[in-house]
Structure formats: structure tokens, C-alpha cells
Amino acid sequence: MDPSTVIRRRVDNIRKSDCDPWNYRGLELSNGLLIVLVSHPTMDKAAVALDVTIGSMQDPDEVPGIAHFCEHMLFMGSEKVSILNVSISEYPGENEYDKLILSNGGQYNAYTSGDHTNYHYDINPSQLYESLDVFAQFFIAPLFNSNSTDRELLAVNSEYEGYVADDGWRILQLFKSTSDSKHPHSKFNIGTIETLKLIPKQLNIDVRQLLLKFHQTEYSANRMSLAVVGNQSLDDLQSTVVNIFKDIPNKNLSIQNYPNDPFGEEKRKTICYVLPVNDCRLLKMSWVVPDYRDIYYAEPITYLTYIIGYEGEGSVLSYLKKLGLITHLNVSEGQSSARGFSFFEIVIQLTPEGLERWKEVILHIYQYISMLKQEAPKEWIFQERKTLAAMKFQFDEKDQPLELVQHLASSMRDYPLDECLSGDYEMREFCPDLINDLLDNYLLPSKMRSVCQIFLIAQDFSSITTEKEKWFGTQYKLERLSDKLIQKCETYELNNELQFPQINNFVPTDFHLYYQSQQQNCENEFYRLWFTQDNFYKLPKAFLCFDFRNPLADFDPIHENMNLMYCLLVDESLNESLYLAKKGGLAYDLSPSADGIQLIVCGYNQKLSTLLNKIIDKMINIQINQQQFDTYKELVRQSLQNLQCRVPYEQVDVQYLITEHVWAREELLSCIDGITVHDLELFIPRMLSRFYIEALMYGNLTKEQALDYMTNIQQQFHNKQYYQPLFPTMLVNHRSLILPEGCNYAYKQTNDAHQICAIEIYLQCFEQTLKNNAIMELFCHLVKESCGDQLRTKEQLGYVVFSGYERSDSGNSQGFYITIQSSLKLDYVNLRIETYIDSIREYITTMSDDIYCKQREGYIIKKLEISKSMSEQGILWFNEIVKHQYCFNRSQLQTDIIATLERQDLLKFYDHYIAPNSVHRRKLAVHVVPSPLVAAEIIQEPTTPTPVLTSPSIIASTPMSNGDAKIIRTLQRQQNIISPPITPSTPISKDDGTRIRTLQRQQSIMSPPITPSTPMSKDDGTRIRTLQRQLSITSKTIATPIEKLTVEPVICNLPIAKALDAPMNQTESTNEIMIENIMKNEKQLTLPETVWLENIPKWKSTLSCYPLAQSYANIDLPV
């Protein structure tokens, strides 16, 4: 076909930053598909995303969840023959796509939101074209095989089960369910066995045919947008991409525009009292506002989100904090906005007193809105924000290619093609009329739909929340707001203490770069400084990290709590004065660590010294008032209490068991109430009187500036008579315990929210050295794919299944793990995991030489990927410093070793450390099970009961707890008390870097859930997701999917899917016989007797420790 007839439009003038070396091209094909190509010859990772502007709001009313189910099923094979001359000629297998992506160092995932479905992956650039051909068939000729459909339905239901007790999902669905039932916004989007199997069967609906129909009638090229990143030239990319994707049919479907009012008059002016799972108190106010995407360059909504969300002096947040009514306030466009309608939302975290006086909180919010109505919109605020947006666009750090293509594909149709990169930053036109229209016609109290989400478990609202939401069983009570309150909101007098934001003096003006390639290490009795100047990213930014080491920080549970409270209170004391610094492109994080306190400061280097000085000054001179102390002590107590309500697989904590010195959650919780202001005031000088700093400074700085920073810090502490040298014996890191050879330990923890369970099998192996790490990583890479394919896809043990290596933060030990979240009995799941582990040797042995070499090469390429941002690189180096290993070129050294590893090296490793019959094996299994309270009272009971997934005999039992819950030391500032249901589901990472997990403290309290096809794995790479604390409201995640092997292990496939067709009244004994018969056909494993751990401190005292991690010889930072 003539290319001129295939390409309708070509755009070569896509606006990009002057600092951006990548090349871009936009295309519109004759079938309506929009494409953006991204190219650079040094790109070490290719990435692809295709977005369909259709989602769950297009589900047929009688079959909720079909859009999400369709997304799952597109991964399960296609029928069309390849159009490229590649090794794969057709793609009928369930895991053909998986094989190609995962064996070539890639990852993949997808999500379904209300009006979008997004498919994305990355891969080694050399395999880009082959992968595109496989990927395109999703949208041309998917199979929707009936066998795959039955099994993947179990995965969808398992995914739903994992969200049932999650407050973020519960509240979002309640928000939808209490909307206008005739509006698509009200739909349930995940899907269950009930909605996708039983109800369709009753209605004589063939779900497979419905999937085919949905794909045929809703998926059209003119609704799709494609983004591709590669190291090939733009012309080469264009030729291949056009050739492959031109065959997606164009059905000339319109882009769906939804009705503009999801509430309807009936649902306005209502308050909804809600009983949550977690212990928290929130107030949420929501208004329906117009969808302004067609005039994105005016941004009237973001003008108001900025002003009402302002946190400096004179803000409504500052005022309500002074009254002791709230702790946090977040303003945003609504989480479930779609084309045709949008929401304006204010979410407030209340204090106990604020809960009693919630009406007063609402009145003060309207006082502030009334002030905005009294004065004309301020053009200087628009111009200042325009300057900041232009600055961010010019100097923003690069995303990972996968993140870039996801965003490009999903937003491409919101902007002109030449502004696909800049559209988020465009602010060309100040439109005061639109702002006034919002204030006068949409944010009036009479237009308000106030969903008052007040969370207080088993207390105030447990007695009045008599209604239950259909899908998640959330208890609530919906009633009308009183006319008196509405009238008072409209006539409330102005408050002189509420003011407009101030001019931002933190906006930088100096962006010049240093090009001296300087590097400096400096050490004395007070600190050790690591400095290197950036000459790679070439941005006017710097990244500073400080590790203030003092073991007093976790001397006992009281000190650990006080250390956390100190960090929180310093941050709170700085918030008002440094809020504009955050808006001006600076960021900081002060957080407790096991060995003291860590401070990270980053952003534009011109103003960095001012920010750093203010933080250090507040650390030294903080004045604690009783009200602030009481507020944050309660937040810490709440957070510790809520750890028992996390998703079960996130609660698994092997490190608590194998680390020499760790405090249990119960110990921390038991002493929090006894801590007083006086105690904290005594703790601070003791903490600051003697410590040692390890510092990293990296970026657009000179060595003279770096040394000045350290000198100023030292001087500020000395002026207060703080900061004596730390005694050498106080510099020792925590150590890992050595499990005895041949052990088979198990430990039970309980969960207070979820009916489902989780298990992690951890096999401790050896110390962390370069060679040990290389063997461990390559082994995990080889088996990770088969683990997901067998245990998740084939056996359907659970939606969350992943494997990898787990390393101690101290740098001592490491081991191999498999984690599964399941509704099945954990003894049964444990046995299935062991059966799989027993098959690994055969899998590695029978793998062809070609596949082995390809897998090894794929992992090497992945391991050598260059960090895409300065902050990402900085965190990797800082992890080396915190662990005292200083191996700054670790990736290169380890890949040199990996390249020499042969199959026999891995078999030797497996036989000694992993094989079930090895006498040297050291096993520790952690079981997370529902507490007796959860078992007795099902907190999420749908109106129409959802049928049991599998036979009752293998549903999880509820043993008594003897366990300690996992400790999260770095509690987030906003606590994410309603866990943000941003998906792909993101388990706590166990990578080989110590992630800075507290750099998300200013994210949205509730973020939009988008339903993924596969859970995010515990990434075994060192991918650090950079600082997000003061950046985007919705954090970005990269999903590492469940992986599937190219050669499958010889394990029987349990016919769990057949339970879908089993009678609902099948007895437990009958099902037990069924499972027993299945297991008789399996190889019987002989495992050591399980020893259940109870008295953990006593047990730990019997174990010896690994030696401290050793530093590496060459410890200079690269220049």
C-alpha cells in the first residue's frame, strides 16, 4: 500500500524542551490511529503503549466489569499470522507475548479506568519490532479462548477480593454507587464471578461472545493512540509501526462524551456518613464542574486548586490547623472525571475535635471561597504559575520510557498533536470569566454535594451506618444537608485571617550550568562527604542526601516513636514557610531511619542553600506546642493501628524476623500513649548532641559549594552546642540473623480487615557479595516467569503471585522468596509452592542453550540501563552509602560476573540453597491470616452474595494469632489513611536498593483507581521511582508483571477453574476428597517438620549473626 495513502497527517514540529535531546514525530493514519514516535540512538530501553478511549463506563448494565475482563483477555493470545519475517509466525499461545517481553529484559501491564484502557510494555530495543507485531494482534485478532476465559475470570475475581477491604476502593465505589444510577459514572468497574459468570448465565448471556462483541463494537483505531520509544531512527520507526498498525480496523466510532452531571439534583446537598476499615477521620467535599479539556491552555480549575490548596500563611489550611480542627487538606480535580464531566474535590483530614465540629470546617471552607468571589481573579497568580509551568517543562527530569509512553498514549487526544508533550504545561490565556463562572455557578453551597467521609472505626458511625453498598459492603448513611447549614454557608461573613497566596520568592532565575567535572571526597570526625558534579543530565538542579547517624533513634520503642514524631513535627513546623519552596521546584524529605534521621533536599540549585539552612535551623530550634504534639501523636497511633488492616501480602515482614534488632508494631503501639511533650523535648537535644553525617551531594554544584554546605551545617549545630563526634562503636549497622541449616520455620500474623490470606516462603541463602548477588539475580530472573505462569495463570492460587530476591537493608543477607495472596488454605498454597520449587531444577536443566543465553543477555541489558533522572541516580548512590558498601559501579561489576555464569552455576546454587530435599536449605514461611474478629464478622458483605471461588474445603481457615505485625518506620506525613487505590497494584518493594519510601508524603489522600491486568511484582531490579513528594498529585508507577517462562515446568494443572461450575452446596468433605485425589497424582515431597515460631525475641537470641557488610576497594563516586 502506498504510504501516502496510509499516513493522513505527519507532525514534525512537536514542541519539546530545549534540554531534551530526544526526537519526536506525530502521525495520524488513515484508519484514525494517532501515533507519537520517540527516538534517540542511545536509548537503552524501548517502550510501547496503546490507549483506547473507552473503559468501564461503557460496560453493559447487565454485565459490569466486561471492559476490565476484556483487558485481561487480550494478553491471552491472538490468531493472526505475523506480517514480519521474525521467529514467531503466529501467536495462539496464552503467554507468547509474555515470553517475548520478559525474556528480553522487559515488563508489561495494562489498566482499565472509567473512560480509558491502557496497554503498555518495555523491552530491549533490539526486539522492539518483533514485539510490536505481537502487540498489534491484541487489537486486530484476539482469540478470547474459552479455556483462558474461565481461568482468567478467577484472576479478575481474585483481584476484586484483594480490594474489598481497601478503604480507597470502598469509598470510591460508594461515591459512584450513591451517584445518579442512570449515569455511567455509577457503574462497578472491576467485575466478579457474580457479574461475569453467574448473572450472565442466568440471563443466557455467553460471556465469551460478549467479550468478542465488546472488542468488535468498542475497540476502533480512531479511538486509539499509540506511543513508541526506540533507538531506531524516526524514519525506521515510522516505516515499521505504520506497516504493523495500519491493519487495526477503523469502525468510525465517535469518542464517547458522557452526560455532564453524574449526581443529578437528587444527590446534591447530601451528606454520607461512612464506616471505614481503617481508623481515620476524613471530610470530602465534591462538586460537579465542566470538563475544560478543550480549553486546556486556560486552566480555570487549576487556578482554584492552587489557591484553595495553598498551605502558606493566611491559607484555609493554616487557619483550620490553628483551630485544631484539621491536619491536612488536599484540593484536586476529581479522581473519576471523564470526558464530558469533571469534579472539584476537597479532601480534609480531621482531628478528633474537627470530627465533632465538621460543620464549622465546611463553613470556613466557604468563607475562603466567598473571599475569592469578593475579589477579582488575580492575573499575577496566573502569570506566576505560568512561569513555573514553563520552567518545569524546560527542566523537568526524564521519565522512564515506559512512564512516558503510558502518559503520551493516554493524553494524546486531549491536545493538538504538536503539543502532546507540552500540553500539560501550556498556560496561554488568563480567563477570569471562567474562574468567576466556577465560583458563582458551580461552587455555590446550593450546588454542593458534600460527601462527608468521617472515619472512626467501631465508634460514632457504627451505630448509624445502617445501609450497605452493593459491591464492597461499605456501611453508610446518606441524608440531606439541612437548609439551615446551606443558608449559613452562603451568607457566612468574611474572615480577615484568610488571605490570598503570597508572591513566591523561591522561583529561581539562575539556570546556568557548571562544566568542570569535579569530584570530591572529604572526611573528618564529624562527617564524610561524597560529592560529584553532574555532566550527564545537564540540568540546573542538585540532589543532596544526609544520613544523621545516632543509634539512640531506635534504642527502644519509645525512642523510635519519638524519633518519628520529631521528624513529623519538624516537617509540620516548616510546612507553612516552605510551601512556596515546594511549588518553586524544590523538594525535601525528613524521615526517621533505623540508625537516626535521613534528610533529602533536591531541586533547582540556586535556592537550595536557603532551603537547607531553613530545615537545619528548624531541626535545631523547633518549638513544640501541646496542640501540635497531641495531633501528631494521634496520627502515629492511628498509623500503627492501621498496619493490621493492610492488604495481606503487604503485611508480610520477613525482615522483622531475621534482623537482629527490630521493634514490633505491638511494642511501638503499647508505649505511644505514655509519651509527653516533655519527653520529646528531652529527646531532641540528646539526639542532636552526638551524631555522624554521611552526605552525598550530586548535580549542578561546585566542590566549593558542597564543602560550604557541610561547613554551614556543622556551624549551625555547633552554635547550639550540639554535634559532638559519635563514638566509633555507635557506627555499627544492624545485622541479619543466620537461620540454621535444615530449618523449616513458620510464623503467623493476623490481619484485621481482609478475608483473604497471604504467604511468603523465604529461603535464606548467603551474604551479599558481588558474585553472590550475580548468581541470585540471574536465578531469580530465570524462574520468575515460570512462577507466575504456573502458580497464578495455570493453578490460579491468587491474583498476587511474585518471586524474587529479598535483601536486608543492612547489606548482610539475602534470600529467594515466593509470595502469594490467596483465598485458599495456606497449608495447601505452601504445598503448591514447594511442588513448584521442586520442578525448578528440571526447568533449568531442560532449557535450551539458546534460551539460556538469551535470558542471561536480556537480564544483563536490563541491569545496565542508565538512570533516567538525576534524583534516581542519586538515590542509588545514597543507598550504597547508607549500607556502607560504597559500590557505586555495582551494576557494571555484577553484570561482568553474570556474563560468565553458566547453567551449572545456577544448578549448584539451586541444589544447595533452594531444593526442597537439600539438607542445607533454610526456610522461613510467613502466614498472614484473618484475625478471629474478621472471621466472625464479614466486614464486606455484598447485597447479593458473591459465590465462593473454589471449593469450601480449601478456603482459608482462621488460626489464632501469635505474631507481630510488620513495622513501618517511615510513616508518611499524610499517612495515606485511605490507601490510594492507584493501580497497577504496588506491593512493597524488596529490591536491592533501600528505597526512600517516604518521598510520597504530599500525594493525594485518595487517588483514582485504575484496574490492572496483572499485579506489580516486587521488582528485583534497582529501579528507584525518584522523588514524588511535592511533585505530581497522582504518583506514577512502573508495573513489573507476573512473568511466564518459555519452557513450562512439569507440574499438573489443578482444575480449580472447574469449581466455577460446581454446585454451590458442594460439601467440604467432598471437596477435600477432590483435592486429595489430585495430590495423589503428584510427586510426594519429604519436607522437614514445620516449627512454628511464637516467642520471637527468645528465638532470635538463639541465632548467630552475619558479619557486617564489607566496603568495596574502589569507593570513589564516578564523575
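1. Two strands are taken to pair if DSSP finds at least two bridges between them. With that in hand, the first point concerns strand E17 (residues 541-549) and strand E19 (residues 596-604), which pair in the antiparallel sense over 9 bridges. Within this pairing, Leu544 stands opposite Val601 in E19. The model examined here is a predicted one, and the values below should be read as computed from it.

2. The pairing of E17 with E19 belongs to an open sheet of 6 strands, whose order is E15-E16-E20-E17-E19-E18 and whose pairing is mixed. At the edges of this sheet are strand E15 (519-523) and strand E18 (586-593), each of which pairs on one side only. From one strand to the next, the twist averages 5°.

3. From H18 the contact draws on Pro557, Ile558, Glu560, Asn561 and Met565, while H23 supplies Glu667, Leu668, Cys671 and Ile672. Sorted by class, the contact of H18 with H23 has 6 nonpolar, 1 polar and 2 charged residues.

4. E13 pairs with strand E14 (residues 475-480) in the antiparallel sense over 2 bridges, and here Glu467 stands opposite Tyr476 in E14.

5. Helix H26 (residues 770-794) packs with helix H30 (residues 890-898) at an angle of about 70°, their axes lying 9 Å apart, and H26 is therefore roughly perpendicular to H30. The crossing in which H26 passes H30 is right-handed. On the H26 side the contact is made by Leu770, Lys771, Asn773, Ala774, Glu777 and Leu778, and on the H30 side by Arg890, Leu893, Gln894, Ile897 and Ile898. The residues of the contact of H26 with H30 comprise 6 nonpolar, 2 polar and 3 charged.

6. Helix H2 (residues 66-73) and helix H8 (residues 207-218) have axes that come within 10 Å and cross at roughly 90°, so that H2 is roughly perpendicular to H8. The contributors from H2 are Ile66, Ala67, Phe69, Cys70 and Met73, and those from H8 are Val207, Leu210, Leu211, Phe214 and His215. In the contact of H2 with H8, 9 residues are nonpolar, 1 is polar and no residue is charged.

7. The last point turns to aromatic side chains, of which a search of the whole structure finds 55 pairs. One of them is formed by Tyr160 and Phe188, an edge-to-face pair at 5.8 Å centre to centre with 80° between the planes. Tyr160 lies in helix H5 (residues 146-163), whereas Phe188 lies in the loop between helix H6 (167-177) and helix H7 (193-202), so the pair ties together parts that are 28 residues apart in sequence.

Conventions: Residues are numbered from 1 along each chain as its sequence is written. Side-chain values use heavy atoms; hydrogens and water are left out. Helices (H or I, at least four residues) and strands (E, at least two) are DSSP runs, numbered from the N terminus. Axes are lines fitted to C-alpha atoms, for helices over the stretch in contact, and angles run from 0 to 180 degrees between N-to-C directions. Angles under 35 degrees count as roughly parallel, over 145 as roughly antiparallel, 65 to 115 as roughly perpendicular and the rest as oblique. A crossing is left-handed if the near helix is turned anticlockwise from the far one by less than a right angle, and right-handed if clockwise. Contact means heavy atoms within 4.5 Å. Ala, Val, Leu, Ile, Met, Phe, Trp, Tyr, Cys and Pro count as nonpolar, Asp, Glu, Lys and Arg as charged, and the others, Gly among them, as polar. Rings of Phe, Tyr and Trp (its six-membered ring) pair if their centres lie within 6.5 Å; planes under 30 degrees apart count as stacked, over 60 as edge-to-face and the rest as tilted.
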